Amino acid sequence: MNLSEKFAIAFDLGTTTIAAALFDPQTGERLAMTGGLNPQREFGLDVVSRLDAALNSEGALLEMKGSVNGALEQMALELLAGAGAKASDLKIAAVAGNPAMEHILLGLPVKSLAFPPYRPLFTTGRMMNTTELGWDTAVPAYIFPLPGGFVGGDLLAFLYGVDVTCPLSPVPACRLFLDLGTNGEVALMLGEKIYATSAAAGPAFEGGDLTCGMAALAGAISGVTLEGERVRFATIGGGPPLGICGSGVLETIAELLRTGLLDQTGRLRSPSEIPSNLANRIIDIDNEAAFVVYRDAKRVISLGQKDIRQAQLAKGAIRAGIEVLFDRSGISREAVQEVVLTGSFGATLDPGALKNVGILPAKMVNVCSFVREGALAGVGRSICTSGGIEEIDRLAKSIRVIPLSGTPAFEKHFLEQMNFPQL
């Protein structure tokens, strides 16, 4: 492209990972992409830990703000350099994240997010200059609006990326949207009505806080199947395994359930209970049962009992959030005509695994599709579309946020959804 036409950069600011993409704002074409871990991880792997750190220390808040903005600027400069461009060729940047990540990005107090009624300090989008964020590079920047609670700009970006704002699109009347991440967000769209909520799923879906977990980067085991007594797997990039990411975790658990190595309560069966040679893959690691996904002379990549419990809690929270939205909207599961899934758990995910672990009811699997980098695509679209930012602001106002924390309905559904389904 002609460098005089400038570039646009989109960021999906996740609790665990950050994704960035360079766009041609004239055509909307994505030219390059990069990503990495959120450097705030040293202050905790989940939203609650980061909020606690920011509440207890203004220095921690400022350090988290500085580290994440440093990472964003570095990604921007690397993408521009790869395109043979310089900082002055950047027309605009935009960032979407959950409310906690956006507050920390801006260095705002987080008390309103940490205590009831859990409200963000701003609900409309913010246009500013990146120098206000601490960048050396001066660029106009749009920070996505926050509909409320823990429903953030990343969900808005996901919805906008799949074009829910277009009234002419021949779309189903009832659609369910899932963004599976550390801060799992769910939206239910009924015609022009959008109900949304958020469940604190923890980092398991993104490979965080697991014995052999890693983000969905090169070397991560992203898919697992058990064929007879053999374990087959795929890695991101096709290279040797270095760890296991969220999609690999979910597919491993789904296969363990399908083959009976894992019971409904989430307990790994002992080798003596397993009649096949797969029993040899159940080993003891630090006094805990673990299933060996891969091993060679250098490493053992396993999924331990505590890892399974983490994923079990996460899936219970997400499924409970879905059930609460059904309750509040007054519709049944059978009314859902389309399910759209995104997240930073891996390159893709077998919908059957979502059914087997209990995230989705069985009847929804046939209408489920996966969108890669859903939030990132929406951020890019917003800054490459005439009137896109105004559409984002209107979309934010149209969402009805349903809080979950401390509600009897959520607690009831969470307890009901804790066990895995019987296969």
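**Helix pairs, burial and backbone**

Reply: Helix 2 and helix 3 are roughly perpendicular to each other. The model under discussion is a predicted one.

Me: What makes helix 2 and helix 3 roughly perpendicular?

Reply: The axes of helix 2 (residues 58-82) and helix 3 (residues 99-106) cross at roughly 95° and come within 7 Å. The term roughly perpendicular covers angles of 65 to 115 degrees, so helix 2 and helix 3 receive that description. On the side of helix 2, the contact is made by L61, M64, K65, V68, N69 and L72; helix 3 contributes I104, L105 and L106.

Me: How do the residues of the contact of helix 2 with helix 3 divide into nonpolar, polar and charged?

Reply: Seven are nonpolar, one is polar and one is charged.

Me: Why is helix 5 called roughly perpendicular to helix 9?

Reply: The crossing angle of helix 5 (residues 153-161) and helix 9 (residues 374-384) is roughly 75°, and their axes come within 7 Å. Since roughly perpendicular means 65 to 115 degrees, helix 5 is therefore roughly perpendicular to helix 9. Helix 5 takes part in the contact through D154, A157, F158, Y160 and G161, and helix 9 through G374, A375, G378, V379, R381 and S382. By class, the residues of this contact comprise five nonpolar, four polar and two charged.

Me: How do you know that helix 9 is mostly covered?

Reply: Nine of the 11 residues of helix 9 are buried, a term that requires under 20% relative accessible area. The buried residues are G374, A375, L376, G378, V379, G380, S382, I383 and C384.

Me: Why is T17 classed as buried?

Reply: The relative accessible area of T17 is 13%. The cut-off for buried is under 20%, and T17 is therefore buried. T17 is placed in strand 2 (residues 17-23). Its neighbours within four places in sequence set aside, T17 is in contact with D12, G36, L37, N38, E206, A215 and S344.

Me: Is E323, a residue of helix 7, buried or exposed, and what makes it so?

Reply: E323 has a relative accessibility of 6%. Buried means under 20%, so E323 counts as buried. The helix to which E323 belongs, helix 7, runs over residues 305-329. Apart from neighbours within four places in sequence, E323 is in contact with R333, H413 and Q417.

Me: Are D286 and N287 buried or exposed, and on what grounds?

Reply: D286 has a relative accessibility of 73%, and N287 has 75%. Exposed means over 50%, so D286 counts as exposed, and N287 likewise counts as exposed. D286 is found in the loop between strand 13 (282-284) and strand 14 (289-295), and N287 lies in the loop between strand 13 and strand 14.

Me: Which kind of peptide bond joins P116 and P117?

Reply: The bond between P116 and P117 is cis, with omega at about 5°. P117 is located in the loop between helix 4 (111-114) and strand 5 (126-129).

Me: How far apart are L423 and Q264 in sequence and in space?

Reply: L423 and Q264 are 159 residues apart in sequence, and their C-alpha atoms are 8.9 Å apart. L423 lies in the segment after helix 11 (408-416). Leaving aside neighbours within four places in sequence, L423 is in contact with A254, L257, R258 and N356.

Me: How does the radius of gyration of the protein chain compare with that of a compact globule?

Reply: For 423 residues, a compact globule would have a radius of gyration near 22 Å, and the protein chain has 21 Å, so the two agree. The C-alpha trace spans about 65 × 50 × 45 Å along its principal axes.

Me: What share of the residues in the protein chain is buried?

Reply: Buried residues make up 56% of the 423 residues. The protein chain contains 11 helices and 18 strands.

Notes: Residues numbered from 1 in each chain as written. Predicted model: local features only at pLDDT ≥ 70, side-chain atom pairs only at ≥ 80, totals over all residues. Heavy atoms only, no water. Axes fitted to C-alpha atoms, helices over the stretch in contact; angles between N-to-C directions. Helix = DSSP H or I, 4+ residues; strand = E, 2+ residues; numbered from the N terminus. Parallel < 35°, antiparallel > 145°, perpendicular 65-115°, else oblique. Contact = heavy atoms within 4.5 Å. Nonpolar A, V, L, I, M, F, W, Y, C, P; charged D, E, K, R; others polar. Rg over C-alpha atoms; globule rule 2.2 N^0.38 Å. Buried < 20%, exposed > 50% of the residue type's maximum accessible area, 1.4 Å probe, protein only.
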